[in-house]
Amino acid sequence: MQLPVINDAPASKGGCSASSCGTTENQMDSLPDSIREKVQNHPCYSEDAHHYFARMHVAVAPACNIQCHYCNRKYDCANESRPGVVSELLTPDQAVKKTMAVAANIPQMTVLGIAGPGDPLANPERTFETFRRLSEEAPDIKLCVSTNGLALPDAVEELSKHNIDHVTITINCVDPEIGAKIYPWIYWKNKRIKGIKGAKILIEQQQKGLEMLIAKGILVKVNSVMIPGVNDQHLAEVSKVVKSKGAFLHNVMPLIAEAEHGTFYGVMGQRGPTHDELQDLQDACSGDMNMMRHCRQCRADAVGMLGEDRGDEFTLDKIEDMEIDYQAAMEKRKVIHQAIQAEMDSKRLEKATKVAQHKAELKLTTRPVLMAVATSGQGIINVHFGHAKEFLIYEASPDGVRFISHRKADQYCGGDTTCGDGESTLQVTIRALAGCEAVLCSKVGYEPWEMLEAAGIAPNGEHAMEPIEEAVMAVYKEMAAAGKLDNIPEAVRASA
Amino acid sequence: MAVKIIESCVNCFACEPVCPSKAIYEAKPHFLVDAKKCTECEGDFPDYQCASICPIEGAILDSLGLAINPPGSLTGIPPEKMAEAMAELQSH
């Protein structure tokens, strides 16, 4: 199953350079320097930056101009973590205040996005008022917006005025017949338009908006939701089309569909993709396009590092009482950002050297192995197994270590007894790690240790506080030395 | 002659800006229609604008008190299927 993976990365770049075979860099390698500079510290775009920098969303945009089958507009649930869900809708004024409060208290927060809970561009006044004020009052924060694209062509001019250099468009298809299975209706020119006709207009607007943004020099990332049996076979085509028009990154995300969400797909029993299906599609697209694999599909009001949500610390009543001296905060932020930057640069360099060393030393012909890692950031293994809310999945092979995805340790909804057929949290977590052969964390308790071993996943607490890639490679070498990894037959390697 | 927004409204703001008569206003616990201002879009548009963008089935009633967007008409979820799923969830 893993074989195409090793061979895919080199093929996509015409050779696997010593410094970049593996994690972050290979998704960024083919970008021009000007774009890479803009995105290398962005937690949502750069896999290694997301270990250091944080992001936040402000929920100022409630209205939407289309319906998607994976969305339910009754969005107020504090226990869910998925796009479109928020607990507290903000006015632009409240959003500005919250952003500055977070920026002062979480200095590594560098990115403010507006992503809903509806469509930001279907709420142009609220969205642009927020951007306008933030670009004046907090100029050290990068601004991003995501959209379904329907109102995008009309908004491009305004977007370029507010110095927004990243836009995300969700494009699930370029074929209206497939679109009609994803979008039941759009609101367009004072009419609700259903079916293929509506989907066709949406697709045209998305593509037109994409082209206009590129012409203005604004970076475009494309999000796609992978829906098995609906658009899974079609997304490689989408990837090709958006790349040819100039999108710099494609983020294929798994469908989230549960009956309790009340969405069309949830209620109708449409399933999401398995980890393997998602990875296979991402790998298939990666030959044509820079793929993104670390997206956490966060809430429209998420705050903090990817994978964490500190929104509770910044509710309206709490920020009301905070006195923020933003000039002073900006000074402090600058110093901290420089320190983080220096740390990232040295880690990047160190990693490149280590990888080159491994490659020189390593004469392995062993099969690749997936490993799970518990981390809360800084690129090191620093979370106790039982405390991990998510695991990062890495693949180790003779070619090096590469980041594959993240998996949640707990389920999307609050996780009371109604979820999961009476399985314990531990059982659910272990099931989420299916396919991994080792799990690296700072410590593992006795009970999970036994259960992990029984599930064929080797628990490993020996690399606490060590850099992830090095630790994963060290464990891989140990496994190889212990004869746990079969060699790949020569014939298979040669033919690949 | 006026439409009415009822309690299933989720306060998404979508209808407010598209009303040609500025008859819709934010209120607690949900948006409301000023019956004196509402023209049911007559003379402006062939369709009720609020009900053409509203994502919630049953949230807007016509002057006869009937849902302009009846169950199943927007989400595509057949009402019996929805009832089944909800019953299933509540039985846990």
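1. A:Lys191 and B:Asp47 form a salt bridge, with 3.5 Å between the closest N and O atoms. The cut-off is 4 Å between a Lys or Arg side-chain nitrogen and a carboxyl oxygen of Asp or Glu, so the pair qualifies. The count between chain B and chain A is one salt bridge. Note that the model is predicted.

2. Polar contacts across the interface of chain B and chain A come to eight residue pairs, both residues being at pLDDT 80 or more.

3. On the side of chain B that touches chain A, helix H2 (49-53) and helix H3 (79-90) of chain B each supply at least two residues. The most comes from H3(B), with five residues. By class, the residues of this side of chain B are 19 nonpolar, eight polar and two charged.

4. As for extent, 29 residues of chain B are in contact with 25 residues of chain A. The two chains bury about 2200 Å² between them, and carbon and sulfur atoms account for 63% of that area.

5. Chain A has an open sheet of three strands in the order S2-S6-S7, with antiparallel pairing. Its edge strands, each pairing on one side only, are strand S2 (66-67) and strand S7 (191-194) of chain A. Strand S6 (residues 185-188) of chain A is joined to S7(A) by four bridges; A:Trp185 has A:Lys194 in S7(A) as its bridge partner.

6. Helix H8 (residues 195-215) of chain A packs on this sheet and touches S2, S6 and S7 of chain A. The direction of H8 makes about 105° with that of S7(A).

How values were computed
Residues numbered from 1 in each chain as written. Chains lettered and ligands numbered in written order. Predicted model: local features only at pLDDT ≥ 70, side-chain atom pairs only at ≥ 80, totals over all residues. Heavy atoms only, no water. Contact = heavy atoms within 4.5 Å. Buried area = accessible area lost by both parts, 1.4 Å probe. Polar contact = N/O pair within 3.5 Å; in protein donor to acceptor, adjacent residues only side chain to side chain. Nonpolar A, V, L, I, M, F, W, Y, C, P; charged D, E, K, R; others polar. Pairing = 2+ DSSP bridges. Axes fitted to C-alpha atoms, helices over the stretch in contact; angles between N-to-C directions.
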